[in-house]
Structure formats: C-alpha cells, structure tokens
Amino acid sequence: MAIDALSAPSRVRARRFDRNTAIQILVALTTLALVVFPIVPVLYQAVLDRPLYDANASLSLGNFVRLLDTPRMGEVLQNTAYFAVLTTVIAQVIGVVTAILVGRTDIPGRAFFGEMLLWPLFLSHLVIAFGWFTMYGPSGYVTMFVRGIIGVEPWNLYTVTGMGIAAGIAQAPLAYLYCIVATRNADPNLEDAARTVGASPFRILTRITLPLMRPAIIFGVIMNFVIAIEMLSIPLVFGGPLQIELFTTYLYHEVFGQTTPDYGLVAAASLVLLLLVVGLMVLQGRLMRNNQRFVTVGGKASRPRRFTLGRWRWVAFGVLLAYVVLAVIVILGGLILRSFTVFLSPLMPLWEVLTFDNYQMLLSYPVYMRSIWNTIAIATVGAAIGTVLIALVAIVANRSEFRWRRQLEYVAILPRAIPGFIAGIGIFYAMSLFPPLGWLRNTIWLLMIAYIMRYLPTGYGAVSPALAQLGADLDRSARTVGADWWRTSRSIVLPLLTPALFSCYALLFIHFLKEYVTAVFLFAPGSEVIGTTMLQFWTNGDNGPVSALASVQILITVVFVTAARKILGVKIYG
Amino acid sequence: MAELVVNGLTRSFGDVRAVDGIDFTVADGEFLTLLGPSGCGKSTTLAAVAGLDKPDGGRITLGSDVFFDAADGTFVPSERREIGLVFQSYALWPHLTVRQNLEFPLKLRNIKRKDRAQRIEEALGLVEMTAYADRYPHALSGGQQQRVALARTLVYRPGLLLLDEPLSNLDAKLRERARTWLRHLQSHVRVTTVYVTHDQAEALALSDRIAVMNGGKIAQLADPHTIYDRPADAFIADFIGSSNFLCGTVTEADHGTVKVDLDGAAALIAPSARPLTAGTRVRVSVRPEQIEIVEPGTAGPNVFPVTIEERTFLGAYNTLEVKAGENAFRVECRRVPDTDMIHVHIPETAGIVFPETASR
C-alpha cells in the first residue's frame, strides 16, 4: 500500500515555507512590544530608589511613601476629584440634551447643529483651552466686554469650577456622539408600544427613550471621567497662573519644574494614575456586560419618530443656537481673530490692531515651521503605518488560526487604559532603559511610535466591527480554492475592508494632529510638534504666535476632514 | 484514482459529539449525499473533509493523499488539498467580476494568461454563464451566482467536489431546475462529489448513494431506492418521505412475516426482516401513497374500516387524516370520498416493522 501511495500522482500541493505563522507571530510580537514598551519602565521605576539608569538603584517602596508625604497632595487629589466629577456631569448633561434635541425632536437646523456639536472632537484640547483663554479668560474679549457693561468681573475661569465648566463643554461632544448613535439605533416599536398604551410624549421620553440610552450614557460617563483625570491642557492653562494643581499638572511640574526631576516619585504617581484608569475601565466593562437588556437594534431601516416640540420648537432652537455660538463659534472664531491682531480687546477698534505679524513670525522662526511640518509628517506617515499595523492585528485576531489571537486582541485594546501622559513618561524612561534604542531619541519616529501605541485601540475599534460584518465564507472559499491565509488576507479580506481602513486612517490622522500630551515628555529641539510648541510659547506669554499656530492646526483639520469626506467618502464618527 | 475514504471520523464541541466515529467511502466519480436534519453532523463532516475544521480523531484520504490522520497528527490545510467547495452562501468575492472570481484560483496555480482565459471560457460555458463574465456578483440573480460559484470550483479541476446545501437559497421552481442541471453536469464532469443537504427530495434525485446521518452517526448508507423502500430504522422511515406509524402488538411471527394487532382496530400482516416474538410492541411504517381506498364490501387481509377526520386539497391529490381506533394516519387519494367511513387496504408487502424500543 505504501508503494501504491508513492506511485500514484499526488494532487496535494507541496508545502512551502509557512509564511502565515511567521507573519502572525511577527504582528503579535510587534504589538506586544509596542504596548509593553512604555508600561514596563514605569512599573520598574516606581519601585526603584534611584533613577533607572543608575547602576546602584535598588528595589524600594520609598517612592510611594514620599508621594503620600508630598505637602499639597491632599489638596491636589481633592481638586482632581472635584474637577473630574464636574467635567463629567456638565459634559453628560449637555451631551444627552443636545443628542435628544438633534436626534429625536423636530428642532430646526438639525444638520447644522449635528455638525457644529461634533466639530470640537476634531480639535486638540489645547486649542480649545486657548480659545477659552482668549475669549473668556480674565482679560478675554468676552469677559472684558461684559465687564464694560456691568462694571464687575463677571466670572473667574481661574478656579477649579471654571476649569471644570470649560472642560465639561470641551468634552460634551464625546457624550453627544455616543448618545446620538444610540438615538439612531433605537427601535421605534418600543416607543410606539408606549404610545398605544396611552403614554404622553414626555412620559415616553423619560420612561422609555432615556432608559434605553443608558448604555451610551454609562459608557460616556466613564470615558469622560477618565479623560478629565488625564487632562493636562485646561488645568495647565487655567490653573498655572494661580498655581492650582491637579494630578496631571502636579506631575508636569514635578518633571519640568525641577532641575533634576524625581524619577521615582513621578513613576509612583504615574502608577497610581494608571491603576485608577485601569480600574475605571474594568468597571466600565462590568457595567456594560448586561447591556443586552438595552439592545434594541433590529437591523430595521425605519427610524424612531421625532418628538414634536410645538411652540417650544423655536425656543429650543434659540437656546441651542446660543450654546453653539458661545461654546464653539465664539471660541474658534475668537482664536482665529486673535491670530490676526496685535491685541484683541473690546476697548480697541478692531481695524487698528489687525496685523499679519503673527503669521510672519511663524514663517521667520524655524521652530514654528518645524513643528508644523513635523505634525503634518507624523499625522500623514504615522497614520499610514498605524493603519497597516491595525489592519494586520485585526485580521490576525479575527481571521486566522493563530493560537494567541484572543490575547492579541486584549493587548491591542490595552492602551485605552494607559493615559497619554504615562505613555510619554514610560517611553521616556524606556529610552534610558534600552540604550540600543537611543537613535530614536529626539526624532519624530519616537513620537510616531508613541502615538501609534496610544491610538491602537481607536483604530482597532474602527476596523474590527467592519471585519465582523464580512462573511466568513468569503475567506473560507478563498482557502478552499487554494489561497493560503496571507494570500487570502491580501487578495480578498483587505480589499473588502478598504472603506474601514480609510476611516481608520482618517481617525488616526486627526488624533495624531491634535495629540500633544504624549509628546510633552518626548520632544526635543528638532522634533517639536504644534502642541508642544504652543505650550512652550504660551508659557513665555507669546499669545499672538500661539493663536496663529492654533489657527494653522484648525485649518489643517478643516482641510483634511473636508477632503477625507468629499474625496474618499470616509465616515468619521458615525 | 480519486477515491475519498473517511475512517472513524470524530469531532466534539465541548460535551457534544457532533461527529461520532463515522466511516464511508466515495468511489471515483461517485455522487454521495450526506443527508440529515440540522445538527446531525453532516456539515461538520463536510468541513473536516474540506479542511476548514480540524477533527479530533480518524483519518481522511483522497486517492493516495492523506488529508488528515489523527494517529500521526497529519492535517493538510484546506488550501493545499486541491478540492472544490461550493458554499451555501456562494461566497463569491464581491469586489471581483465573475471572470476575476474564476481567475483567482488559476493565478494561485501559476497558470499562464492564455491558458487561464481558455479555462475560464470552458468553465463558464459549462455552467452557461459566458455572457455574464464581466458582471459583478451583486448584479447576478441567486441562481446565476450559484452557477458561478460552481464554475469557480470546477475551473481548477479539483480532485473532489464538495457542495454545502448549494440549492437551499433558491426558490422552489428554480431549485428543481438546478437539481436536474447539477446532476447532468456532475455525470458529465465525472468528479467525485460529496453533497450535503437536509432536503430528502434533493438527495433522492441527485445521489448515487445517500448517507443518512443522525446524532453524529451514519444511520444508513445505501442507494436512494433502498433508503426509500427499506429504511433501516424508524428515524429514516420518518425522515425520508412522510411515513405513517401504526402502533400495535405482534400476535404471530412467521419466517419473514408478522401479524400485528393494531390495538383492536385491525390486524395487519407485514414483512419483517427481524426475528420478532409474539407480544412485542411495534411500530409499522407505511407510506401514505401505498395505502389504497377500497369499496366498502371488500374483504381480505389488511382491509379495515377508518373514519375521516380531516380532508386537505393539495392540487394534484388530496390527503385524508384518518383514524382507526387510536391510530391516526394519512392517506392519499385523487378523489375525496363523500362518506366519513371508508375502508382502506395496506398491501401485505408495504409495511415495515420496527420494535418500539429501537425507534430513536
């Protein structure tokens, strides 16, 4: 029989080198390295009594003791907690109300509002913070204008409450985004059923519609709380002058305020923050687990009926318009206006202060131009590299026989729990821990690596659902006709995934454009980005060029978002 | 040359034994159907043969090639088995035209451009889809997609053709036409074929042999006539066609025939392959079309009176729900009797007797 088997012509194709497993292992190791790279040094440094590059360092818990003994620590924690709660509450209230108004009522101008309410998501918190500073700060345009009328200081942004309000309004678009998606997916039958049993529209809204939005609200609450805790921009811009410290600004000053930063203390503080965020993410997972109770998507084409506002229609329109003008248009418009003036104040006629000097300055100082080009380079190239990696991770995790595919997915979404601040510190430490990586130091490649790591979960979240929609038979049929896993991925799966990959690229591009927190610890002369330069020059009081730089960032964003939507037909956020 | 041999195939999912040690052989050029209700293990078996799922135990060979052997850990991945699989969903690649769909497997085999074009022409001609070569799959009807899916597997001349319920997404009329056409095509191409379906009519019409599966095992493996006329057990009798089951007790057992008392309502003579003793509870399977309605005065064995409970008009014929004592069953007839009391005759050769314990 053995002889028979040998003599009969075999139809089975010969085994080549198994490139599939090799590629899968490579992707998994790259992802693992990328994510572990910043965390390990933080963990290690936190329990060392000296800087981790010091050969005499030994294990100790002293850092945590010193952290507790820090003079103003109690006040810092109290401020942070109050700030985070206030931010979350304001963001959620505005987000839910605006989402219901735009998504579920017959308020006029829904398309316009829908767009304006989302726009701040495309912009960096730093830009928004400068916008607030320019218009509503102690010497802001609107503040001065109101003081001119009523004679007293109308508000004070330089308090924790002021920061919380600004941050809450800055984060409202995120709450709005989750809720608007929920309103679109609601099952109209559920509300119709309530109507048939005699419920009034208001009752339906409070007893059916809102409870069904609960998963979106819970999700938003935790996301916004985490973002508030991690936020650097607004606390730094508004808290700096009066030395109001939050946890992130405390860390920032620990690193940049000292001539020799206390490595151990910073690492210990970072670890505390990391554990807090991981805890919140786990909590979110727990809370979302039972959300089957609220799943109402039936794949139907029909959308829920809109509530009629009646005579309140125009009142609601007026209120929403006032909000959009004050919270979005005035801030961004003011910032852009400021960039074209020597000094923006209601006390001086506008035509007397108009100038191009700020932009002239951008052109004449290499550091400004360099940070603009670096930012564009990182966003363009980094988003492309990131998209390739995310696509590979997604197909290995969802569409392969790779042994550790589930674990790979966990690793890929882990950075969601790593604050940008800590990613930056971690990579900063890693540079001292792994000398062979020294060539990366002071290059934009290091920033790219940090950004890709940080936004791995964001891109994965855009690609993975699209992959789940793709029938498994499409790749299985390619396998049966003779294509191996890699060939199937290249010829069948990835081409079918193109729209999702464009969305992923667009999302990464926007995030890379606005990111600065991660870069704060990693940039050096030569690898500045718009955000870090803005922060540096704002500290020096060069508000003119800073607002010009912010305007450039807004311009790049507008051009990119418009082009991505019009030319590539990309969907960004819904 | 390309004979498929499956030996002792097992596959468990958790505690469930989806495939429980099955053996079968498909001769070169033969058309074998795996037939059974959902969850019987037929699709798991097909996936194992296709290499899309790795079984736990057993051995699968095609000709001289070992696809899978649990004993030495051999598992050839799907892409190197040189087989063709037509999916229930057709799985045509939506971003490629019909021609490009067929071209992909040829490119994988490094076939020259000129030969590719010729083979594609041939395969599309075979399924009568030449005119649609440059369309995208979404611009084709279900029947057309199914033909292209078949052409895509035939174009590279696989050693084994696997079909996973390929007709189940077509409407009833089209399904019948596709059935005839598929049978014709298979006998023309002479490729060894394994066909999976839960539709017994499809299985009877298409197959050289049918393997009826139940609970992860092969309940009977035989040609369609044998399966229909001499089902091995009550499950098959019930699953293939629509059988009536009449319950009763054996009163006399002779060589090859038994007499069954239908709980006082009638005495029935039926053939029996198994040795049965008097007093055994049995179920006698009789197909509705085998039961005749006879004139009231007719006498003889296996003639007994029944009452009509329900009449259903089905176009070509009628079915009557009738009752004899506690036994309810169905009878087919062209013309509906006007009385509620009628006499029926069950031919002495028609019934198949199953001991009650052996049924499922």
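Modeller: Bear in mind that this is a predicted model. Start in chain B with strand β17(B), residues 303–313. Its partner is strand β18(B), residues 318–324. The two run antiparallel and are joined by 6 bridges. Within this pair, Ile308(B) sits opposite Val322(B) of β18(B). The hairpin of β17(B) and β18(B) has 4 residues between the strands. There, Gly315(B) takes a positive phi near 90°.

β18(B) also pairs with strand β19(B), residues 327–333. This pairing is antiparallel too, over 7 bridges. Here Glu321(B) has Arg330(B) of β19(B) as its bridge partner. The hairpin of β18(B) and β19(B) has 2 residues between the strands. Gly325(B) in this hairpin takes a positive phi near 60°.

Now the helices of chain A. Helix α6(A) covers residues 125–136, and helix α26(A) covers residues 543–566. They pack with axes 10 Å apart, at an angle of about 130°. The crossing of α6(A) past α26(A) is left-handed. On the α6(A) side, Val127(A), Phe130(A) and Thr134(A) make the contact. α26(A) brings Val546(A), Ser547(A), Ala550(A), Gln553(A) and Ile554(A). By class, the residues in the contact of α6(A) with α26(A) split into 5 nonpolar and 3 polar, with no charged ones.

Conventions:
Residues are numbered from 1 along each chain as its sequence is written. Chains are lettered from A and ligands numbered from 1 in the order in which they are written. This is a predicted model: local features need pLDDT of at least 70, side-chain atom pairs count only at pLDDT 80 or more; totals for chains, interfaces and linings use all residues. Two strands pair if DSSP finds at least two bridges between them. Axes are lines fitted to C-alpha atoms, for helices over the stretch in contact, and angles run from 0 to 180 degrees between N-to-C directions. A crossing is left-handed if the near helix is turned anticlockwise from the far one by less than a right angle, and right-handed if clockwise. Two residues are in contact if their C-beta atoms, placed from the backbone, lie within 7 Å. Ala, Val, Leu, Ile, Met, Phe, Trp, Tyr, Cys and Pro count as nonpolar, Asp, Glu, Lys and Arg as charged, and the others, Gly among them, as polar.
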